[in-house]
Each structure stands twice: as C-alpha cells, then as structure tokens.
Amino acid sequence: MNYFFVLNGKKLKQLAIIILTSFVSAWFLFIQNFSFGVFSTSDGPKAIYKGKNGVALTFNISWGNTKAEPIIDLLVENNVKSATFFLSGSWAEQHPNIVEKIGKAGYDIGLLGYDYLEYDDIEDAKIRQDLLKAEEAMKKLNVKHKKLVRAPSGHFDSRFVKIADQLGYSVVHWSIDSKDWKNPGVKKIVENVSQANKGDIVLLHASDSAKQTAVALPEIINVLKNKHLSLTTVSDMLIEGNANTKEIE
C-alpha cells in the first residue's frame, strides 16, 4: 500500500520560522553568557566613568611619600574642597599620617586595591582577596573610606565589576586622562585636563612616579575655574544620581 503526504506550504514555512527563531534565541543566550557574562548586559553593574554636574579631580596613590603631601597642600591652598583619592591598602599602611591628612582636609578616599594587581589577568578569588585585604587595611587605620574602588592600572573586565558590586563597591573609571604618569611636561598635563567639561572624572596621580603633577595642579585648577566648572567628588555624583556608566565586557 502506498501512502502520500500532502504538505501545506504555509504551515511548513511557519514551522521553519519557529525553529529558526528558537535556534537564534538559544544561540544569543549562549553567546551572551559564555563570551561576555551576565554583567555585560544592560541590567548588570557597570563602571562609573562620568557624571553630569561638576568635574571630579581624582588622584591615585600607590607608591612613595614625597608627592602626595604637596598635592594635598596645594588643593587646600587653592580652596579646593572636593577631591577624591584612591589609595592602595599597602601604601596606606606604610603612610598612615598622609592618609590622615587627606581625611582631615575633607577629601574622599576610595580603594585602589591592596597590591598593585592587574585585575583582568588574575582569578576571581584573587580579585576578591585583594579588595578585602585593602578594606581591612582601611579598617585598621580607622579610615572612613567611601565605597568606591578603582582598578590599579585601569585594566579590568566584567568580573571585577561583578565582584566589587557583591562587596558593596562602585567601580570608578575616568573620562579624562591627564597622562601625568607619563611625565609629558607640565604644559601637556594642563592641556590634557583642559579638555574637561561638566561631568568629567579626571585621572591624576599623587605617587612619586608622577613628578610633574604638583607643578601642574595650580594651573589645572585655574583652567577649570575659568571654564566655570565647579569641583565635586565622585561620591557626590553618585548621591545626586548623576553618574553615567559604561557597559563592561
């Protein structure tokens, strides 16, 4: 006995579309979770890189004791009441008097990890350990730091953002790099920072390796004032709800 099957072209087309759609959706979810992780999506934690009001001068410190105090003194002398310092835990332990001076001047303190590690090149457990070690160092020094953290070298991925978020920290990047760490000359540092506009977060350094920052700082402050840009802190950007974020892959 012979059997004949009559296929409806319209139904066959609908079935093919359903199968194709299911395949594409499954593939998208696989790629998203495998390649980028859940925190590369729009609803995950992200790194703060810019605000909407004011300009935030931020200073990284991880080494030395000769440049930080002059920079703090210059900020005070120039009536700068808002600045943010990111300190490595190991440096803070070695220089508690400078850390205290930053706090007494009223400036915000955030974490720069404990050891100067490349967070995009180490395991999750080591990232978490480094952050917790830095936090413990601040507690021992009785430092009331903000729940802000920055990757020491600026290199990081979504894993760092996720771990920091789990520990209650906001990851802070920057929108303007002064490149003072390259010691390109005072004029060039000022020129780089002069590109700042309302909402920018500026990267500067107060480690001994940044030899020209203190010299450039008074002119930087004047340039920003002449542009009618008020100085703020990263934490104030967050409190005001005016911080912008970037998606991290």
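The largest nonpolar core of this predicted model has 56 residues. The residues with the most contacts inside this core are Phe-59, Leu-75, Phe-85, Leu-87 and Phe-160. Helix α8, residues 213-226, gives the most to the core, with six residues.

Setting aside residues up to four places away in sequence, Leu-75 touches Phe-59, Val-80, Ala-83, Phe-85, Tyr-107, Leu-217 and Ile-221.

Is Ala-216 buried or exposed? Its relative accessible area is 0%, and since buried means under 20%, Ala-216 is buried. Beyond its neighbours within four places in sequence, Ala-216 is in contact with Val-186, Ile-189 and Val-190. Along the chain, Ala-216 and Asp-180 are 36 residues apart, and their C-alpha atoms are separated by 9.1 Å.

Finally, I come to a pair of helices. Two packed helices are described by the angle between their axes and the distance between the axes. For helix α2, residues 68-77, and helix α4, residues 96-104, the axes come within 10 Å and cross at roughly 15 degrees. Angles under 35 degrees count as roughly parallel, and α2 and α4 are therefore roughly parallel to each other. Their crossing is left-handed. On the α2 side, the contact is made by Ala-68, Glu-69, Ile-72 and Asp-73, and on the α4 side by Ile-98, Lys-101 and Ile-102. By class, this contact of α2 with α4 has four nonpolar residues, three charged residues and no polar ones.

Technical notes: Residues numbered from 1 in each chain as written. Predicted model: local features only at pLDDT ≥ 70, side-chain atom pairs only at ≥ 80, totals over all residues. Heavy atoms only, no water. Axes fitted to C-alpha atoms, helices over the stretch in contact; angles between N-to-C directions. Helix = DSSP H or I, 4+ residues; strand = E, 2+ residues; numbered from the N terminus. Parallel < 35°, antiparallel > 145°, perpendicular 65-115°, else oblique. Left-handed = near helix turned anticlockwise from the far one by under 90°. Contact = heavy atoms within 4.5 Å. Nonpolar A, V, L, I, M, F, W, Y, C, P; charged D, E, K, R; others polar. Core = buried A, V, L, I, M, F, W, Y, C linked by side-chain atoms within 4.5 Å. Buried < 20%, exposed > 50% of the residue type's maximum accessible area, 1.4 Å probe, protein only.
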